[in-house]
Amino acid sequence: MQIGPYKLGNNLVLAPMAGVTDRPFRQLCRSLGAGLAVSEMVSCNSLLWGSEKTRRRADHEGENEPRSVQIAGADPAMMAEAARYNVDNGAQIIDINMGCPAKKVCNVMAGSALLRDESLVGRILDAVVAAVDAPVTLKIRTGWDRQSRNALRIARLAEQAGIRALAIHGRTRACAYTGDAEYDTIAEVKAAISIPVIANGDIRSAEQARRVLDHTGADAVMIGRAAQGKPWIFRGIDHYLRTGEHLPEPPISWIRDLMLDHLQQLYAFYGEDVGVRVARKHIGWYSKGQTGGAAFRQFVNQTDTSETQFAAVREFFDRLAAEVDLAA
Ligand SMILES: Cc1cc2nc3c(=O)[nH]c(=O)nc-3n(C[C@H](O)[C@H](O)[C@H](O)COP(=O)(O)O)c2cc1C
């Protein structure tokens, strides 16, 4: 899988997820087998660039290459400016978000809402590609709603504009996250264009990744929610795609150590207060499905310092490891 000058280590991509794919999580997923991790979107509104949140989102210190940063917005000139700003701050690939249905994005006619206005899409793509030397990628859904699945026309526009890879989430904007993702439209787009295509939507297992790659002919798969609380999913899928065999699930003690290290990274990156809040989400995902997980989450969500949160997590997973690993 090649994006402009960058050859990825494999064909697995961590999906951009606002509030999730911060630098610590991207680094974790990269170290556990993701060939590329796309950052959370950075607003193209330059008024926000000085904010703590945007500054943090543009912090790539120590991050694996290539560093891909997503931008969102609807004004071609502002998007071009945002692309330049992020390249100046260390982005090596610029990803344009036309795939996110979030209200906050759609109300200002950005994200997947843009798919409705193909001429504006063309102008945004042209402006961003012209603004930076870095390769520009695009993320879309299959269309605005089921009646207007225009992914193919958008894909052709993207190819003409010089977009270097296209990620497609197999749902329309109107579908939000309901129903199952469909991969026929992705297959149709892949057959029609010659830039790399990345298939996305509901990929939760190694077999599913294999099926989607086979069905669509896509060059890579992108995984979002299935990596939450399970960043080692990439390693397992990579192994399966290479060998046809499954890696064993990691022992609880290994998950505990990984998670505790993740928590330390979050505290260091966000500082005490925000770090504890952001960590709650991840702790919730890591503990999902574990015996006693619900009661543990209720308890740990009441801890409000990194010290007490960390200790509660360690205690819970120590106990689990003693029960589960030793029984195995
Ligand atoms: C919490 C969350 C935040 C997301 N934020 C973004 C975003 O900022 N930009 C974007 O293009 N897509 C965003 N998405 C969509 C994902 O990138 C992905 O397309 C979608 O979750 C489908 O993939 P999955 O089934 O593997 O999760 C987000 C999804 C989730 C669950």
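## Aromatic pairs and a buried cysteine

Phe-296, Phe-316 and Phe-317 form one aromatic cluster. This is a predicted model, where local features need pLDDT of at least 70, side-chain atom pairs count only at pLDDT 80 or more, and totals for chains, interfaces and linings use all residues. Residues are numbered from 1 along each chain as its sequence is written, and side-chain values use heavy atoms, leaving out hydrogens and water.

**Aromatic pairs**

- Rings of Phe, Tyr and Trp (its six-membered ring) pair if their centres lie within 6.5 Å; planes under 30 degrees apart count as stacked, over 60 as edge-to-face and the rest as tilted.
- By that rule, there are 5 aromatic pairs.
- Trp-232 and Trp-254 have ring centres 5.7 Å apart and planes at 85°, so they sit edge-to-face.
- That pair links distant parts of the chain, with Trp-232 in the loop between β10 and α9 and Trp-254 in helix α10 (helices are DSSP runs of H or I, at least four residues, and strands are runs of E, at least two, numbered from the N terminus).
- Phe-296 and Phe-316 are stacked, because their ring centres are 4.1 Å apart and their planes are at 5°.
- Here Phe-296 belongs to helix α12 and Phe-316 to helix α13, 20 residues apart.

- Trp-232 is buried at 8% relative accessible area (buried means under 20%, exposed over 50%, partly exposed in between, with a 1.4 Å probe and protein chains only).
- Trp-254, at 26%, is partly exposed.
- Phe-296 is buried at 6%, and Phe-316 is buried at 4%.

**Cys-29**

- Cys-29 lies in helix α1 and is buried, with a relative accessible area of 0%.
- Beyond its neighbours within four places in sequence, Cys-29 is in contact with Leu-14, Ala-34, Pro-231 and Phe-234 (contact means heavy atoms within 4.5 Å).
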